[in-house]
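I open this notebook to set down what I looked up in one structure, entry by entry. The sequence and the structure come first, and my entries follow.

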Amino acid sequence: MARILRMPEVAANAIEATIQNWTVPENTPFSVGDTIANVETEKAVVDVEAEADGVILKALVPEGAAVEVGAPIAIIGESEEKVDDLEAL
């Protein structure tokens, strides 16, 4: 089932972080524990690890964009899954 991946709080008291790069391209399978993105705060670059197996169905934020903690950054789900209505998530 498709779900929203939100920008995690990667550093204490950080209110935003920048997507440095997506390490897994859209529609490429990843496994639990794999790094799917690198995000940068004022103090560090942190790996965002997958909490479950899946694929990035749609990256909502381009590399280099600053995003508030908790904001949607991608739609993740199962291989071959399609997401037509992002508002339904």
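Entry 1: the largest pocket.
I found that 14 residues line the largest pocket, and that Leu5, Glu49, Ala50, Glu51 and Ile76 lie nearest its centre. The elements that give two or more residues to this lining are β1 (3–6) and β5 (45–49). I noted that β1 supplies the largest share, four residues. The space in the largest pocket comes to about 250 Å³. By class, its lining holds nine nonpolar residues, five charged and no polar.

I recorded the terms as I went. A pocket is an open set of points on a 1 Å grid over the protein atoms alone where a 1.4 Å probe fits, with protein on both sides within 12 Å along at least five of seven lines; lining residues have an atom within 4 Å of a point. Grid points are joined across faces, edges and corners, and the volume is the space filled by probe spheres set on the points. Ala, Val, Leu, Ile, Met, Phe, Trp, Tyr, Cys and Pro count as nonpolar, Asp, Glu, Lys and Arg as charged, and the others, Gly among them, as polar. Strands (E, at least two residues) and helices (H or I, at least four) are DSSP runs, numbered from the N terminus.

Entry 2: the basis of the model.
I note that this is a predicted model, in which local features need pLDDT of at least 70 and side-chain atom pairs count only at pLDDT 80 or more, while totals for chains, interfaces and linings use all residues. Residues are numbered from 1 along each chain as its sequence is written, and side-chain values use heavy atoms, with hydrogens and water left out.
I looked up pLDDT, the predictor's confidence in each residue, from 0 to 100. Its mean over the protein chain is 89, and 93% of the residues reach 70 or more. Where pLDDT is low, the predicted coordinates should not be read in detail.

Entry 3: the second largest pocket.
I found about 200 Å³ of space in the second largest pocket. Its lining includes Ala11, Asn13, Ile15, Thr18, Glu40 and Lys43. Strand β2 (residues 16–22) gives the most to this lining, with three residues. The classes here are five nonpolar, three polar and four charged.

Entry 4: the fold.
How many helices and strands does the protein chain have? I counted zero helices and eight strands. I then looked at the pairing, where two strands pair if DSSP finds at least two bridges between them. Four strands form an open antiparallel sheet in the order β1-β8-β6-β3. β1 and β3 (29–30) are its edges, each with a single partner strand, so one side of each has no neighbour in the sheet. Four bridges join β1 to strand β8 (residues 72–77) in the antiparallel sense, and Arg6 has Pro72 as its bridge partner in β8.
Strand β2 pairs antiparallel with β4 over four bridges. It also runs antiparallel to strand β7 (residues 66–68), with three bridges; in β7, Ala66 is the bridge partner of Thr18.

Entry 5: overall dimensions.
I found that the C-alpha trace spans about 35 × 25 × 20 Å along its principal axes.

Entry 6: single residues.
I used relative accessible area here: buried is under 20%, exposed over 50%, and partly exposed in between (1.4 Å probe, protein chains only). Of the 89 residues, 31% count as buried.
Is Trp22 buried or exposed? Trp22 counts as buried, at 14% relative accessibility. Its bridge partner in β4 is Ala37; the two are 15 residues apart in sequence and 4.3 Å apart in space, C-alpha to C-alpha.
Glu40 lies in strand β4 and counts as partly exposed, at 35% relative accessibility.
Asn27, in the loop between β2 and β3, counts as exposed at 52% relative accessibility. I noted that phi of Asn27 is near 65°, a positive value in a residue other than glycine. Most residues other than glycine have a negative phi.
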